[in-house]
Structure formats: structure tokens, C-alpha cells
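Please open the model in your viewer and keep the selection tool at hand.

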Amino acid sequence: MKTYDGQAKLNLTVNGEVRTVWVAPADTLLWAVRNRLGLTGSKLGCENGDCGACTVHVNGIPIKSCYTLAVDVEGVEITTIEGLSGSPVQEGFRKEYGFQCGFCTSGFIMNGHALLQAEPTADVATRVDWLQSNICRCTGYEGIEKAMDHAQVLINGGGELEE
Amino acid sequence: MQMSSRRSSLGVSLERKDAPDKTTGRTRYTDDFTVPGMLYAAIVSSKTAHGLISDIDDTAAREMPGVRGVFTGKDFPQLVGLYLGDKPALAVDRVRYFGEPVVAVVADDERTAQAAAARIRVKYEELPIVRSPREGIKSDAPLIHPNMEQYVHIPAILPEPGTNIAHHTRMRKGDPDAAFAAADAVIEGNYKFPPKDHVAMEPRVAVAEIKSDGQVVIRTSTQSPYGARGIMSRTFGIPPGKLTIQTAEIGGGFGGKAGIQLEPLAYLLSKSLGGRPVRVQNTREQDMVGSPGGPGLEATVKLAAKQDGTITAAEVQFFFDSGGYADYAVNVSRAAGYASTGPYNIPNLRTDSYCVYTNHPFATAYRGFGHIEMSYAIERSMEILAEKLDIDAVALRWHNAIQAGDETPSQNVLDGNTGDLRECLDRVARHLGWAQGPIERIDHDRFRTKGISCYWKAPAIPTFTDAGALVSFNEDGSVNLVTGAVEMGQGIYTGLAQIVAERLKMHPDEIHVVQEVMTDRSTHDWTSAASRTLFMVGRAAIAAVDDAVVQIKRVASAPMRAPEEDLEVAEGWVYLRDDPEQALPLSQVVLGYVYPNGNAIGGPIIGHGKYIARHLSDIDPETGKGRPGLEWTLGAIGVEIEVNLRDGSFRVLKGVCSMDVGRVINPALARGQVVGAMAMGIGYTTREAFEFDSNEHVLNNKLRDYKLLRYGEHPEYIVDFVETPQGDGPFGARGLGEQGIIGMPGALSAAFSRATGVQLNALPITPEYVWGGYHTGRDTAWNDALADDTPTDGSRADDAAGKGGQS
């Protein structure tokens, strides 16, 4: 087992770029991307893994960066919201009013995108399973539900998108 | 010019202006800014609900490398308050609730500040605890603010020294005693729920610094940049021009970021450290408990009615649980008072609404501002009255629905701008299939039941609530709009762009709205709250456009050699009304017109607009007579739930809302506000509440155990807007941001009561509560609460509940 003391120098692969950061062993990935790399799209909502506003991808899998240690994710592919562009889920959130204040949105989009990468035809129950790990306080989830519908139509075709 | 068939910008679901940034993580919230040289504060919170601070040992913290200062209440004795100055930035000598900030540590970085805070030891001498507002108003209750007579307060707020009453609102109308004596039926009910939190996703944060010239700059997540400036200025003697509040977009507010929050502490810490920038940020736990939430309530409502269902009188007592400090809760209790009939025409009224200090986390504005609490108690009473009179619950409401020409509790006659509540109620009943009956059995254990409620709300605002707007132009003729409105999710910048575009007859894409408020360069604006922002800032923006149009015509009249009166402005042109071919593009006018020889006239056009509330007055302290409500938004809510009575589990299947919003500016955004509010109302009713142990410590101060509605638990939403124009609203619009939450506790309680066969008169309605009600045949939450509430003198709390609050 690797041990760390004081400040550790890490090479993190974030959004396709290798970035060298100095962190303490107890620093979270969320802290590192926000405060060391200036990637503030991932949000600090609870620091307890409850709200999902900090969700990022590690090797394509959505994880809560507020309780992932930065030292644990060296050498893996980390993607933050800043590294996501042109995702059907982003378009869905934009077109279907999937957000209001926007504070939970990065996390929801990262989780939703990972879901549709893994299961493009995810049914209602699967979507509930995945998206229950995030909290939105503004939308009543209707906009998010429509955003996911929109994204699935974009990915899979076959449905009519409502304008 | 070519006149095109321009579509109206109103009634159109435009994409939100903030959509590109918010869906790519580019929007910057307060916590995303750093200031060079910024120091970080960490807060030590009270571990007791009521106690004297006997000792603070901060030696170990001070010795830590990187710690720049440790501060306690003794360092900052100034009391701050919106209406009533009762709260220090850090507890002075005594703590009044579990979670109250006691010590602040400032260090070079966050980690050091938190580590140092963890080394601070505070000792308390425990004091007797006030556990509920009904307990708080007893004559022998421990006093939470023994020095209340020294507090500074505004004239409209009337604290009662020697008691725990921070404010008492009286509404008196007609002759309720005679009406009760003559009534065919009288019902009385007691209702209650504990305090709770807004849980905006963004925890509150403020960064303050003081420049060398004395300029105080505070970047903060506030709904009220100008409100915070005003209070800070008055409290600390900072000239308002030397104090700048900056607010970018905020991550949800729901009332919790109105008023004043972390700004005083951040300022005081910076001041103590030579003006260096200091950041104060709540952890989620501190945000939930240390900073204010929504008030709890205990209420008694008595209604008198004729056999045909006509309600003749109401006697209402509200005891708001304000917690350790008053903050906005004094005005919340006042708003609940002047709305205390609900949207029903009740000619005889006696209301006493008290804001009572307890040893709970303190309360502030919460979406609905007293109306959700009021509505819950009134709608419960309507259900009980309907049962007693054996009248259909919808018919009873329809019969008593308030209409234009009727009088409000504060004795204002509702004018022709009043919305059509009966139409809203009809639509909800139709969408819900009310005619098919409110109860359906699915199988042995599972039932589907329906519930309906009505609601109303007027903004609870100062009589002089204002808004301003500035319109300027760019080289291409496009428009910049500056206001004092804060974007917190409601989509205000999109809505305002649509209003400006409509008035200028341009495309909303050409309207650039400045998405940040800075009090030294934005326009004065009361607060982004009370569902008044689109209404009032919309009015100001229209006025600013009109002012700019006058100037455009004046400049254009010379090169066009035509009187100003003959000119029109539309689609980026100024043109002759009767000969539109003679036209100039705005781009040639708005920054000044330049003749072919180089001569220039005009100069940059800047339109200014303003709004101030009309005809509002304070209410009489004895009778409540006055005009506190600018415009009333009326509506109805309906729900269908499915309950399994074997185990109490349930699902909310359908949420229906019909609301008379005057005019829909952006249907998708309007729907989003209503749907989001309904979801919040479902959470409010079914799970959101602080749980306290026997020492009034909050047990669920984190999102792990403070349960919120999650994805998939939301119902099917049906939203149906009625549009009776608000004559003085922008293009006829009235407020709609809060209202979707207001009727939800009443509608859900009705549906659950129908399922269990027991009137459930407490919140939250959890599966355990449903199960208990059904299986015992009584309202177990209320009875369970008696054990907790049993006062030390051995008298029953429900006796006190019935009598203790009357004056």
C-alpha cells in the first residue's frame, strides 16, 4: 500500500490532460479539481456523498468527488463537467429546462451521461436507480426527466422530440 | 425598412439565457471566486440549545501555524437584525439554539481553519429550554432574550419585553363573537409542525474585504444585495457608498438567502484582520442548523358556518416557532396574520399571530412567507368543516372562494385585478377527476385518495418596495439591461429579456442582461423575493425602454427631418409611422447620429426606469386595518396519492395546480417554478422537518438523514394557468414563484386523512404517522407530542395549547 505524508505530488489525468498537483493526503478530488485546477463546475453541496453535486467520472464511472481522495485517483481517467461537451444529456438539460439554479446540474449531467453511456436504453426504473443519488431542489425533477427523455431520443432515435 | 411578421416575445418558452453556462459548469457562483490573499474562516457551533458560555479555551487553536485569529462574540457585540436587532454575529455570553455560531477561527487555508476550530473547547452552563412556541408564551417560560427592551426595531414590529414574543399581529374585523353565537356549526382544530430548512443546494458563503480607502466589498450568495447593504450600513455605520455587495448567480434561495446572513461575520473578521479578504462558508450542517431555516408552527383555528356552508367567522391563533432569533420570522408571522382567512370571504375575524422565541434553530423567510403555514391550518379546518357539515370539500371551498369586491382580513376590497379562484378550483377538480370520487380502493391494502386546497398570496413587502432598470445600447443596436435582480434559478434574466424585447419589438437574443448585481453600479432593488421580481423589475424595465425610445426618437428626428411624434421604434429601426420605408437602423442612432460630413448629434442613449409599490400602508397594530398586500395570486392545488394502509407507505401520483398568474411571460419557466414549488411542498409535507432530541439538539442536520424528495419520487404534474390580467403588472403578469408550494400541505393532508379516516393535524406525514393514524383511529402525532410537551407543572400541554396563547 502506498503511503503519503505532508504534501503529495500527483499526476492526475483530468479531461484528457495530465495535470500535476500538490495535495495533502486528506484532500478530496473535489477540492483538488476546484482549488488546484480551477475546475469549479463540480460543486460542493454536502461533503458527505449525499447530494451528488460533485459528481465526476473516473474511467467513465460516476463517483462523488467530495468523498474520493485525490491520491486514490492517480493514473485513471478523470472527467469533470468541463470535459464534457456535446453530450445529448447536456442538450436535454438545455432544451427541456432540466435546471433552474444550476448548482446541482453538473452532477446530474455527469451522472445522466454516464448512465446513458452504460445503458443507452435505460428504462424508467434504471434511471431512478441511478439518478436518485443526486438531489435537485428547484425543478421537482420534471425538467430532468424530460431532459433524459430528450437525450435518449437523440442517442437512440425512434421518438419524436417535442419542440 | 422591411416589416417582418415578428412573433411576440411573450407567452413563448424561450431557452434560458443561462442554459449554455449552467449545462457546462461555467456559471460562477460565489464560492467559485477566489480573492488574492484570501483567508478562510471556520466556525465553532453551539453544542447546546440554551446555555451561558462559561469558558472558551482557544489556546491550542491559537498556537497552530497558519492561524491568523480566533474571535468570539465578545469581540463583536453589535446586534444585527432585519426588523429587530437581536442577533450578534457570534453568540455573546449565551447561546440560544443548537448550532449557533460561537467562535470563528481565521487561517491561511480552509484545512488549517477547520483543524484549529476542532481544537477549541467551549463550556456551557445549561439553561432551561423553551421547546415550542406554546411553551414559550407561558408566563413562567424561561426568557430567551432577557434584554429585549434594549433592542432596536422598526416601528411596525412590536416585541414584548419580559416575554418570548418577538411580534404579535392582531387582525380584527366585524363581530366574530356574534357570528359564532349565531352559527349553525362551529369547528375547532389544533395543528402543528416543527421548524425545517430550505436546503438550497448552494451552502451560504460570503467573502468580505476592506480596501485601503475604507471601501468594504462583500461578495456573497444573497437574494438581497441592497437589503444586506442597508442593514450593514445602519448596523456598523458604514456609509452605503463605501459598501459594495456583489452577487453573481446563486445556487437556490427559497427565502433562506434573503435578509442578512454571513455578511456581518465576514465583514467583522476582515475588519479585525486589517481588511484582508476573509471567506466565511457554511458547511452543509452549519447551513442547515446554524443559519436560519423555515419556522415551525402551532395553530388553533375556529370556524363558524351556516348550514349551507357559508363561513361567517374565523378565530385564528398562530404561534410561529421563530427559534433563538427573530430575523424574518417576525414579518412571516405578520404576513400569515393578514392572510389568515385563506382565500375565503370571511366577514368576521379575530386573528392573533405570534412570533415566539424558542430554543430551536432560528427562522427566516421560506418560500410562501407565512402563507404556507397559514394555508395549512386553514385548509385543515376547511376539511374538518366540510366533514362536519357533510358538504363536498370542493363545493365548500367554491362557495366561500374570495372574489373581486370581497374584503381581505386587512379590510381592503379586492379590485378587478383579482384572479379567478373559482375557475382555478374548477380546473383542478376537473384534472383530478374529483367528480369520480375522492377514494378508490385498489386492493385489500391499497387505496387511492385525492385532496384539494386553495391558496392565496400577496408579497409581504415594505410599503416602499422598489425596483430600477437601466437600458443602454451597443454599436449594433442591441440592448444591455442592468437591474438589481438576483438570478437564483427562477429565470429572471430570461423573463426580463422577453419583456424588454416585447416593448422594443426586438428579438430577445438582442437583449443582453447583466447577470451580476453590484450595489454600486446596478439599480436599487428591494430584494429578489416575495414573487415580486418579474412584476416590479419588469415594470422598471418597461419604463426604461420607454425612456430610451423617447430619446431615440429625439435624436432621429433631426436627420429624418420629422417630428418625434411621427416616429416609431421597432425591430431595430426607427421609422416614419406612415411611411416605414423612411427609416434609420438603431445602430446609427443609439450611440449618436453621425452626418455624412462627420458632424454628430445625440450620444449614447441610456434609458432609466423605476417602480415603487403603489398604495401600500402599514397595518394598524390593534385591528390589522391597512393595505399590506400589493397583488394577490390565487390558485388551487390537487393531489392524488396511493397509500398502503398495511404499512403506511405511499406515493404521490398526481400533483395538479391551477393558478391565476395574470399573464404568462414564459410558459416553460412559469411551469418550472410551479412544478418545483409543488415538489418542495410534497417534501415539506411528507418528510422535511428537524428532529430534536430531549435537549432540543437537532438530530438530522445533514442530508444523509434530513430526507428530501429525490428523482423518481415526483408525481405526474399538471399545471394549468388562468390569465386574468393584473392591470398594473408588466403586460398583465403577477407573481408566481412561491405559490405552488402553498396549498400542498393542505391538499396532501386532506388526501392522507381521507385514506386513514382520521384527520391528521400535524406534519410531516410520514408512513409511520399514516400507519399509526389508521391502526389506532386517532391522530397519533398529536398525542405522541403531548408526552414531549408535558410541562413541568404537570398540566396537560393540550390544555395550554387551547388557552395559553390568547391575550
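Select Gln582(B) together with Met560(B), Tyr575(B) and Leu576(B), which are the residues in contact with Gln582(B) once its neighbours within four places in sequence are left aside; two residues are in contact if their C-beta atoms, placed from the backbone, lie within 7 Å. You are looking at a predicted model, in which local features need pLDDT of at least 70 and side-chain atom pairs count only at pLDDT 80 or more, while totals for chains, interfaces and linings use all residues. Residues are numbered from 1 along each chain as its sequence is written, and chains are lettered from A and ligands numbered from 1 in the order in which they are written.

Now colour strand S26 of chain B, residues 579-585, and you will find Gln582(B) within that strand; helices (H or I, at least four residues) and strands (E, at least two) are DSSP runs, numbered from the N terminus. Why does Gln582(B) count as partly exposed? Gln582(B) is placed in that class because it has 15 C-beta neighbours inside 10 Å, where a residue is buried if 20 or more other C-beta atoms lie within 10 Å of its own, exposed if 12 or fewer, and partly exposed in between, with C-beta atoms placed from the backbone.

Next, show the whole of chain B, which has 19 helices and 32 strands. The C-alpha atoms of chain B fill a box of roughly 95 × 75 × 50 Å along the principal axes, and 61% of its 807 residues count as buried.

Then display both chains, where 42 residues of chain A are in contact with 43 residues of chain B. On the side of chain A that touches chain B, helices H2 (88-95), H3 (105-118), H4 (124-131) and H5 (142-156) each supply at least two residues, and the largest share, 4 residues, comes from H2(A).

Finally, select H5(A), where the buried residues include Ile144(A), Met148(A) and His150(A). The buried residues of H5(A) pack against H2, H3 and H4 of chain A, together with helix H15 (667-686) and strand S32 (716-722) of chain B. Just after H5(A), stop at Gly157(A), which takes a positive phi of about 65 degrees.
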